Amino acid sequence: MPHAQPNRSALNRRQMLRSGAVAGTLLGMGDLGLLSQLRPVSAAEAQLDPNVVRLDSSIEPLVRLIEETPRERLMEEVAGRIKKGTSYREVLAALLLVGVKNVEPRPSVGHKFHAVLVVNSAHLASMSSPDEHRWLPIFWALDHYKSAAQRDVQERGDWTMSAMDDGKILPHGKARAQFIEAMETWDEEKADVAAASLARTGGANEIYRLLFKYGSRDYRSIGHKAIYVANSYRTLGCIGWQHAEPVLRSLTYALLMHEGSNPAKRDDEADRPFRRNEEVAAKLREDWTTGKLDPGATQAMIETLRSGSNDDACDQAVQLINGGAHPQAIWDALHVVSGEMVMQQPAIVPLHSVTTTNALRYAYETCGDDETRKLLMLQNAAFLPMFRGGMNRRGNVKQVEATNLEAEKPEGSPSEAVENIFAQLGSDPMSAAQMTLGYLNEKEDHSSKAKQLIDAARVLIFRKGTNAHDYKFSSAILEDYYHVSPQWRNTYLASNIFLLRDSQRGDNSLVGRIQSALA
């Protein structure tokens, strides 16, 4: 990302705001009020091919509508269904299911498969918005699916999930045993049958306890496996477990993605941390979830993550916790360092260090199995040095540290300061980061000011975002801001502002398309 020389004069900043025509619009949602023409969303709420996976009959017609409607007409068709009473939950369910049915998580769990990975991020953005604006991220994700489906046709010959032979379905006990065995031996066919069987005979918490573990098992696809596990669990929690079977089959298939020969029979770099951490985790003290929230422990962990190997990072985490530190001190370091990587190289690899940490943190907070929780924390500690290695291979890594970022107080009222930050972001992101830190460090009405900045960041994603990473990244950091301890929280958000959207770039075409759909 290019850096211009900082110009800190009040005159130039006021000119920048006027030229961007953004003053007073970010927090007022600007032109997005048109979405109120659709029914608001409350926060609470055919003949089939026998060779193709069957979906729940309640959602199949809407999935087929999305499949069969040309991309240039999809907005109008879905808007028409919503006006006639189709609910937000139904649209969200159809959006997830059409992706898992028609987009293959190969050759990697990424690229075109972001049509599936982004669904929960769009949902989080929707749930954090006013009722009348909640459709916008979902409309964007619908359009993104059509693009991904076309790529799947071009790259994979129009892959479609096959139907499950009901005669192969196993009773619960056998299904669980076969699933574990198949995942350990990387046997796709047996794992597919076991996943379908578990969907029909088991419960969400039991199944995802296993999936959280296997989602963190290897570094392939730079964290997308862990991201898919967390995001699918969260979306199923909204749309209902009756839709679980195709999702679990897709997820299992994604988790078994690998290159070359069977990973169970070789020693690949992507698999080594997990194999080692199964032993390292056993060294944690019995009462490892207690302890002192020690800033010194967090700083020590940060230093190790900056320069140490993945083994060093895991050993340091164990040493600090056994020395009396609370696990939150380790998580604070993981979040801060992932954000620092974004400062150092505002690009795709560090972006995924942030979104992977978000997914693993969610899994850690959600999983009820103590041994798996240990592994999730240690795997996150191992992955960050691996992300750093990926950054170094790309080159142009800036030697800056988030913990040394100098705060600069932005001018004006809180709303003017927010406008100023996002106007500055496009031309001088370092200055915008300093202004963000200065804005957040002011103790007066701190929680309200932080929310104002976060709300403005979301609106700019709605208006300016152009790809799945905009939604995945912004949803991750705006959620994790509240998971980081107060001492480190402002540093975390300020460092991550480098990959948010500035107010000076042009709006995407989606708002205009929705206007046309509603005309």
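The crossing of helix 14 and helix 16 is right-handed. Helices here are DSSP runs of H or I with at least four residues, strands are E runs with at least two, and both are numbered from the N terminus.

A word on the source. This is a predicted model, where local features need pLDDT of at least 70 and side-chain atom pairs count only at pLDDT 80 or more, while totals for chains, interfaces and linings use all residues. Residues are numbered from 1 along each chain as its sequence is written, and side-chain values use heavy atoms, with hydrogens and water left out.

Back to our pair. Two packed helices are described by the angle between their axes and the distance between the axes. Helix 14 covers residues 295–307 and helix 16 covers residues 327–344. They pack at about 45 degrees, with axes 8 Å apart. The two helices are therefore oblique to each other. Oblique is what remains once angles under 35 degrees (roughly parallel), over 145 (roughly antiparallel) and 65 to 115 (roughly perpendicular) are taken out.

Which residues meet? From helix 14, A297, T298, M301, I302, L305 and R306. Across from them in helix 16 sit residues including A329, I330, D332 and A333. Contact means heavy atoms within 4.5 Å.

Now the whole protein. The secondary structure is 24 helices and zero strands. Of its 519 residues, 59% count as buried. Buried means under 20% relative accessible area, exposed over 50%, and partly exposed in between, with a 1.4 Å probe and protein chains only.

Next, two single residues. V91 lies in helix 4, residues 88–102. Its relative accessible area is 2%, so V91 is buried. Leaving aside neighbours within four places in sequence, V91 contacts L62, I82, T86, W135, I138 and L142. Take L62: it is 29 residues from V91 along the chain, and their C-alpha atoms are separated by 7.6 Å.

N380 is in helix 18, residues 370–394. Is N380 buried or exposed? At 0% relative accessibility, N380 is buried. Not counting residues up to four places away in sequence, N380 touches W331, L334, T357 and L360.

Last stop, helix 10. Helix 10 spans residues 204–215, 12 residues in total. From first C-alpha to last, helix 10 reaches 15 Å, close to the expected 16 Å. Expected span is 1.5 Å times one less than the number of residues. Among the buried residues of helix 10 are I207, Y208, L210 and L211.

How values were computed: Axes fitted to C-alpha atoms, helices over the stretch in contact; angles between N-to-C directions. Left-handed = near helix turned anticlockwise from the far one by under 90°.
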